[in-house]
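Colleague: I have a model open and would like to learn how to read it. Could you walk me through it?

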Amino acid sequence: MLDILMIEDEPNIAEAVRFILTREGWQVELHSDGLGGIEAIRGAKPRLVILDVMLPHRSGTEILAELRGDHDASLAATPVLMLTARGQASLHLPQADAVLAKPFANDDLRAMVRRMLN
Amino acid sequence: MPFEALVAGCLAYVALMFGVAFAADRAAAQGRVRWLDHPAVYTLSLSVYCSAWTFYGAVGYASRSGLEFATIYLGPTVVFTGAWWGLRRLVRVARMHHVTSIADLISARFGKSNRLAAFVTLIAVIAATPYVALQLQSVSLSFDVFATDSLTDIPLAGGGGTALWVAGGLALFTILFGTRNLAADERHHGVVTAIALEAIVKLMAFLALGVFVVWGLAHGPADMLARIAERAGDPGWVLKPDRWTALLFVSGAAVVVLPRMFQVLVVEAADEDRLSVAGWAFPAYLFAMSLFVLPIAVMGQELLPPDANPDLYVLTLPAQSGQNWLAFLVFLGGFSAATSMVVVCTIALATMISNHWLMPLWLMLRRKSQGDDPEDLRGFVLNARRLAILAVMAVSWLYYQATGGTTALAAMGLVAFTGMAQVLPAMIGGLLWRGANRRGAFGGVGLGFALWLATIFLPSVGIGSPLPVPPGVDPLAFAIFLSLAVNTLAFIGLSIFGMPDPVERLQGLSFVSAVDPIRHSRVARGSDQVEPLLVMARRVWGSEDALHFFQSEAAFQGKSGYLPDLTPRFLTRLERRLAGSIGAATAHAMIDSVAGGSELTVSDLMQVATEAQRAKEEAQRLENATTELARTARQLQEANDKLTALSVQKDAFLGQISHELRTPMTSVRAFSEILRTPDLSDADRDRFAKIIYDEAGRLTRLLDDLLDLSVLESGQAQLSITPANLHDLIERALSAASATRPERVFRVEREPLAEYVGIITDADRLLQVLINVITNARKYCDAEPPVLSIRVRRTLRGGAQIDIIDNGSGIETARQSLIFEKFSRLNDPARAGGAGLGLAICKEIMANLGGEITYLPGHGGAAFRILLPRRPPVPVNAGLRRA
């Protein structure tokens, strides 16, 4: 079972996150486009989803809403960590389990993911 | 008294009159009219009614017919006391219409018909000229009294000669002070003041003589009354009711319609308020003038020879008694009476003759020859007046010379009275009855005049015979009754059966509806009518203000509560206050309908309608203002919306900037932490370091772009304007842009010859735009092989047009309008590395250069058009910045 599925359009950020989390022993799969995101989640059924808010074609919040409305109850309940570059103002995302503002400390990312996976 | 002394005194008196008139005219010219406009001056000037005919003739009249002379004084007294409101109204209407004479008044009322005015002028001239002649005769006679009584051996110019001197002198005085200028109000302060002074001399002389007669010749009042009582049995002294009635009526009419009386009573009146004093003071003056008439007549009959002329008793009595100074004073009184009458009458006649005879004639003749010149007209009018004065004087003198005898002239006063009285029905009807019309006026006045000519005037000068009358009826009274009755009936009949024309109707309305601004006629009533007034006032002012006003009015009347009595003062004040809110006519009508109980008249309604119309216009104006306000409000709303949108845009912009800054910073931060990881491979370490380096560069570019954009947007960009060649610039731009995606080799289609366009611009900024557009093409053009075509054209105005077109798939229609917006690249899946500010900057640069950059749809690939002016517009602050 896949540990983490991440949808992030900025390749450098995606690479950094994957590098950090992979070194903790988790399996990470990357996607860069909002369009195929929900299909990827349905297919992989990850234990945790990391979503960027601003994505091309389909925003992270839209994907989150669609995920929460999925008829597969266990899929709909997948924990979601949102990443946002919009600053503190956009941290209030009720459907997300956690929100992390960019730029972030790597330790914070690790701790947050660990807590959500356990 | 020596005749020379008499002449010298007379000349001195004349000089005094000239001096007074001159001083008054000067005061008036300097605007010091306060004392000139005093009601006393006005009242005294009315005494021009007492001409020489009254001054000398009244005594003669009394000695022949007893008390009948009193009708001459009683008629005006009745009019001034009984018809006081009518006189006020007459003066008001006349002032309102700037009426200059009785003829002008009649004409103005009946459709401004000049034919009517000319006709009334004719009556006035026929009636008044013999009357003026009578004055000349009286002066001449009074001179003769002195000449024959004291110095018979002096070769005196004949009676006609004296009259000629007098006529000449009076003509001079009248021309000097009557035609000094053409005042719009036709008032003559100098003349009026001199006449007022003469009125005092007249009265003093007569009273002095009366006192002398009663206490000097008789033995006091009791003795005097006894002597008068003895005469009561004389056949001439029997009271004739028919004559009394006719004479009262005619003299009452005369005090208004005689040309000289209309002149002083109406034309020379500053305003109708003068009448509030004159209303009692003039009758008092007349009473004083008539007080000693009978005593003088009786004493004259007793003391003087039977063949002595009773018309000269006033002079011969003191002269015979050796009272030379008294005789001289009386002479001056008579002289005053005669001269004042002649002067005023002549002015009035001259005004009518010049305005209604000469002017229309002149205008008619002139229309054929040349154009209008106001100064010319003014000169003509003044000269016409002077000519008319001379003519009236000359004709009067000739008339006096021709008739010669005293008897023919003696009755002239009454004859003149009855002649002018023919105008009365038309005048009164015109003032009171809106239905009166011109045909009626013409018919009435014409028939009356004809009857007067045939039955009164011509017989009086010895032509034709008096009307055969029923036995026992006085011929004069009968003629007066007949002419006026026919006159009035014709006036009413023709008015009823004729239609007034529009001008007439308008003038009629104006004459008849002249509303008294202050209602003295309102009677005080009980307070039962006050309540509705309060209700009405509340509706107009609101409850609090109305209650306050009523309370203070009640307090003023010494009443508690808020219901004052309906006194005229209260009603007037209420009306004035209301008028301030709702207009005079409406206020008047409202108060009348609530408190006065009087019905609304048509003219009231018309005035209300006028005010309603005005209110409607006001409402229209308000409505326009409201529309204007609404428009302003809408504009404000739009501006506010725009500001809000701008604010939202600014927030969005800040959010976007934040996003654009945070994204590279996230990479920089994350990787710099990762770099501290001990067991990194060298390859990873190098790669991560390069990412940090690139992302830092991206941050710098973003900050540069933002700064550039803000400078360009604020208009503070420093432009370095120089001549430039487009070919070179395109060359450099292509070269610079080739660093982007260098692996793609573009075929560039150019027209080098067309590119040699010289232009004045900021070359660096233009280069920036070209690089940006070409770089975009290199980034996004997805065609294989990629082709970029650049076409340069000169515009009609000497500028340049650069089209840059690639052969890729272009920009989808929906996004074409967004590409020049800031951060428009944000949702662009291609993510070509920039912050999305490039085209926004290009747009701002082109605006700064006075040109523009647009997207050209329909070219297949992405196509941009850059338009440049021959030289950029110079910003106002450019020089300042450079300095």
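Modeller: Happy to, and let's start where the chains meet. This is a predicted model, and in it 16 residues of chain A are in contact with 17 residues of chain B.

Colleague: Which part of chain A gives the largest share of the side that touches chain B?

Modeller: That is helix 1 (residues 11–22) of chain A, with 5 residues. Sorted by class, chain A's side of the contact has 9 nonpolar, 4 polar and 3 charged residues.

Colleague: Now the interior. How should I read a nonpolar core?

Modeller: The general idea is that in soluble globular proteins, nonpolar side chains tend to be buried together. Here the largest nonpolar core has 175 residues, and those touching the most other members are Ile106(B), Val120(B), Val257(B), Ile296(B), Met420(B) and Val423(B). Helix 17 (residues 324–369) of chain B gives the most to this core, 20 residues. Another core, of 39 residues, lies apart from it and includes Ile730(B) and Leu868(B).

Colleague: What is Met420(B) in contact with, beyond its neighbours within four places in sequence?

Modeller: Its partners are Ile123(B), Ala124(B), Ala127(B), Ala254(B), Val257(B) and Leu258(B).

Colleague: And why is Val139(B) called buried?

Modeller: Because 27 other C-beta atoms lie within 10 Å of Val139(B), and 20 or more count as buried. Val139(B) sits in helix 8 (residues 114–150) of chain B. Setting aside neighbours within four places in sequence, its contacts include Ala52(B), Thr162(B) and Phe335(B). Thr162(B) is 23 residues away in sequence, with 8.0 Å between the two C-alpha atoms.

Technical notes. Residues are numbered from 1 along each chain as its sequence is written. Chains are lettered from A and ligands numbered from 1 in the order in which they are written. This is a predicted model: local features need pLDDT of at least 70, side-chain atom pairs count only at pLDDT 80 or more; totals for chains, interfaces and linings use all residues. Helices (H or I, at least four residues) and strands (E, at least two) are DSSP runs, numbered from the N terminus. A residue is buried if 20 or more other C-beta atoms lie within 10 Å of its own, exposed if 12 or fewer, and partly exposed in between; C-beta atoms are placed from the backbone. Two residues are in contact if their C-beta atoms, placed from the backbone, lie within 7 Å. A nonpolar core is a set of buried Ala, Val, Leu, Ile, Met, Phe, Trp, Tyr and Cys residues joined through C-beta atoms within 7 Å. Ala, Val, Leu, Ile, Met, Phe, Trp, Tyr, Cys and Pro count as nonpolar, Asp, Glu, Lys and Arg as charged, and the others, Gly among them, as polar.
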